Every structure is written in C-alpha cells, then in structure tokens.
Amino acid sequence: MVDVSVIIPVYNVEKYIKRCLDSLVNQTLENIEFILVDDGSPDGSSEIIKEYADKFPNKIVYLYQDNAGQGAARNAGYRIAKGKYIGYVDSDDYVDTNMFKKLYDKAKEDNSDMVICGCYNVDEKTGHMVSDCNQDIHKLDIENAIFGKMAVWNKLYRRELIEGIEFRSKVWYEDLDFTIRAISKAQKISFLNEPLYYYVVRFGSTMNNNNCERNLEILDAFETLKKEIVSKKYNEVIECLAVDHILIAASVRVLKSNANKNKKQELLEKLRLYLEINYPDYKNNKYLKSLPGRRKIIYYLLNHKMYRVIEWIYKNK
C-alpha cells in the first residue's frame with residue numbers, strides 16, 4: 001500500500017496537462033501514486049499521459065474509460081487506488097511540489113481524517129495569483145471546513161472516510177455533496193493555512209438558455225444532502241450553505257449568463273422558491289454574518305431583487 005493516491009480525471013486538457021503532470025511527478029513525498037483517468041478525451045491528452053507513464057512507471061497509473069464525466073472518472077480512480085490517503089487534482093490545475101508531503105505529514109501528526117490547505121486562484125490569461133487561505137482560528141474546525149472551499153482538490157482524505165461516498169456523474173456541483181458528506185463523517189479535521197494548490201480560473205463560453213438551466217442541479221445536490229445528513233447538529237450549517245450556494249452563487253451565475261431576461265427570471269424564482277420552502281427561516285441563520293463582505297452585499301441585493309445592480313457589478317468587475 002502506498003501512502004497517498006492522487007486521482008486526476010482528464011478530458012480535453014492537452015494545453016494544460018504537462019504542467020499538471022510536472023508538478024505531480026516532482027512531489028517530495030516518495031511513496032505516492034498518480035492515477036490518471038482518461039475520460040475518453042478526444043484531443044492529445046492521452047498521448048501525453050502515456051508518455052509520462054512510460055517515463056515514470058512507478059508513479060503514474062493510466063486508466064481509460066469511455067466518456068462518463070468527471071465524477072465517474074474520480075469514482076473509477078478510487079476503485080483501483082492503493083493509498084492510505086486519497087487526494088484529487090484537476091488536470092488543468094497544478095500543485096506545489098511539497099503539497100502532498102505536507103498534507104500527509106499533517107494527517108499523520110494529527111491522526112486526521114481530512115487535511116485542508118489553501119490555494120492560489122490563478123488568472124489563466126494574466127497569470128495573476130490571489131492567495132485564498134481562510135482558516136479562522138476563532139471558528140470550530142467543522143465551520144472552517146464547511147465555509148471554506150467546497151472543492152475536493154485542496155484536501156487529503158483518509159481512505160476509510162470516503163469509502164461508500166461516490167461522486168455523482170455528468171452533473172454540476174458534484175464536488176459539493178461529496179465534500180459535505182465527507183466533512184460530516186470526519187472525526188478529526190486539520191488545516192494547513194498556506195496556499196499549496198494552484199487553481200486556474202479559465203474563462204469559457206458564456207452560459208446560454210440551455211446550459212444556464214443546469215444551475216438548477218444545485219437543488220439535486222441539496223436533496224442528496226437532506227437524505228444523507230440527518231444529524232440535527234448540521235441543520236443550521238446546511239441552511240447557511242443553501243443560502244450561499246443556491247441563493248447567492250447559483251443566482252449570480254444565472255445573472256452573469258447571456259440567457260434571455262424571461263429565462264433568467266424563471267430560474268431565479270425557482271432557486272428562491274426552493275430556498276423559501278425548504279429553509280423558511282433562513283434569514284435568521286446565525287452563520288450568515290460569517291459571509292465575506294462581497295457576498296453579504298450580493299445577498300442583500302438578491303433579497304431586494306435588485307438584479308440589474310448585480311448584473312452591473314459583474315459587468316464592470
């Protein structure tokens with residue numbers, strides 16, 4: 001058994017995959033494997049992975065599957081992983097060469113189920129980096145974990161913690177319900193309040209009427225959470241997450257899209273209605289005061305349906 005298995009789903013990242021792989025094969029943690037899951041990528045990504053697998057046969061495992069989505073690729077990688085701890089990297093991102101040694105050492109030192117680090121947000125076009133490390137020493141570990149990044153890539157998981165937790169396939173927001181379920185099971189969570197992961201912010205095509213509607217898939221993620229996290233001690237935390245991800249984040253994505261006005265109004269009302277039906281007392285949630293300043297402003301504007309102001313803010317950002 002290796003110390004850490006890192007699972008990397010790959011699809012159409014020919015432009016980025018070498019940078020990612022270079023940051024992985026040079027990790028200072030020696031007893032580590034990297035499972036590259038080729039999700040039926042139609043570009044040249046497969047050839048690049050195979051080239052690295054030939055060069056680093058003791059580190060890189062190549063796995064092919066017909067295109068089934070990022071969630072299915074991560075699940076497939078987990079099934080063959082040999083590591084005592086599991087990590088994830090997105091193939092268009094890259095990591096500090098000390099990342100997995102630091103995470104693993106912290107996990108062993110604290111006997112943790114999960115270790116979370118910070119990241120850099122990297123602008124794809126300019127290369128400008130902004131550090132994102134938000135651990136608050138005045139908050140409980142569970143609060144820092146849940147109100148931090150809902151990504152899987154800035155975390156290291158004890159293998160047993162995520163056994164039985166699978167990613168949903170070919171849907172948006174698959175990270176969110178996986179991460180919350182893992183956090184809710186963890187007995188011990190540790191933090192490294194330093195940026196070790198480089199998250200590349202890519203600017204794709206603007207959402208239109210059709211894919212804009214996929215923002216409603218956030219509701220499916222919360223339905224899953226309601227079924228699987230039944231402990232009442234998490235009720236208010238989940239409620240605040242619903243405000244943050246349904247009312248704020250998903251609504252902003254809708255407003256930033258180039259969908260027509262009627263479609264935007266329809267989706268915004270569906271998001272709001274779900275929140276009001278399922279979390280009728282959300283405005284009194286004690287955790288809302290912990291929202292970052294910008295999100296508090298957007299929250300206020302959304303509650304007053306000042307949609308044009310929000311569109312103007314992001315248009316002139």
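Reader: Leaving aside neighbours within four places in sequence, which residues is K155 in contact with?

Author: Happy to start there. Contact means heavy atoms within 4.5 Å. By that rule K155 is in contact with I86, G87, Y88, M114, V115, I116, K149 and T179, its neighbours within four places in sequence left aside. Keep in mind that this is a predicted model, where local features need pLDDT of at least 70, side-chain atom pairs count only at pLDDT 80 or more, and totals for chains, interfaces and linings use all residues. Residues are numbered from 1 along each chain as its sequence is written, and side-chain values use heavy atoms, with hydrogens and water left out.

Reader: Is K155 buried or exposed?

Author: Buried means under 20% relative accessible area, exposed over 50%, and partly exposed in between (1.4 Å probe, protein chains only). K155 has a relative accessible area of 0%, so it is buried. You will find K155 in strand β8, residues 155-158; strands (E, at least two residues) and helices (H or I, at least four) are DSSP runs, numbered from the N terminus.

Reader: Which side chain joins that of K155 in a polar contact?

Author: A polar contact is a pair of N or O atoms within 3.5 Å; within protein, one must be able to donate a hydrogen and the other to accept it, and residues adjacent in sequence count only if both atoms are side-chain atoms. The side chain of N154 joins that of K155 at 2.8 Å. The backbone oxygen of K149 also lies 2.8 Å from a polar atom of the K155 side chain.

Reader: Which residues have the most contacts inside the largest nonpolar core?

Author: A nonpolar core is a set of buried Ala, Val, Leu, Ile, Met, Phe, Trp, Tyr and Cys residues joined through side-chain atoms within 4.5 Å. Here the largest has 67 residues, and Y88, Y157, I162, I218 and F222 have the most contacts inside it. Helix α9 (residues 235-256) gives the most to this core, with 13 residues. Apart from it lies another core of 37 residues, among them Y85, V95, M99 and L156.

Reader: Where is Q65 found?

Author: Look at the loop between β3 (60-64) and α3 (70-80). Q65 is buried, with a relative accessible area of 15%, and its side chain makes a polar contact of 2.8 Å with the side chain of D39. Not counting residues up to four places away in sequence, Q65 touches V37, D38, D39, G40, A72, A73 and A76.
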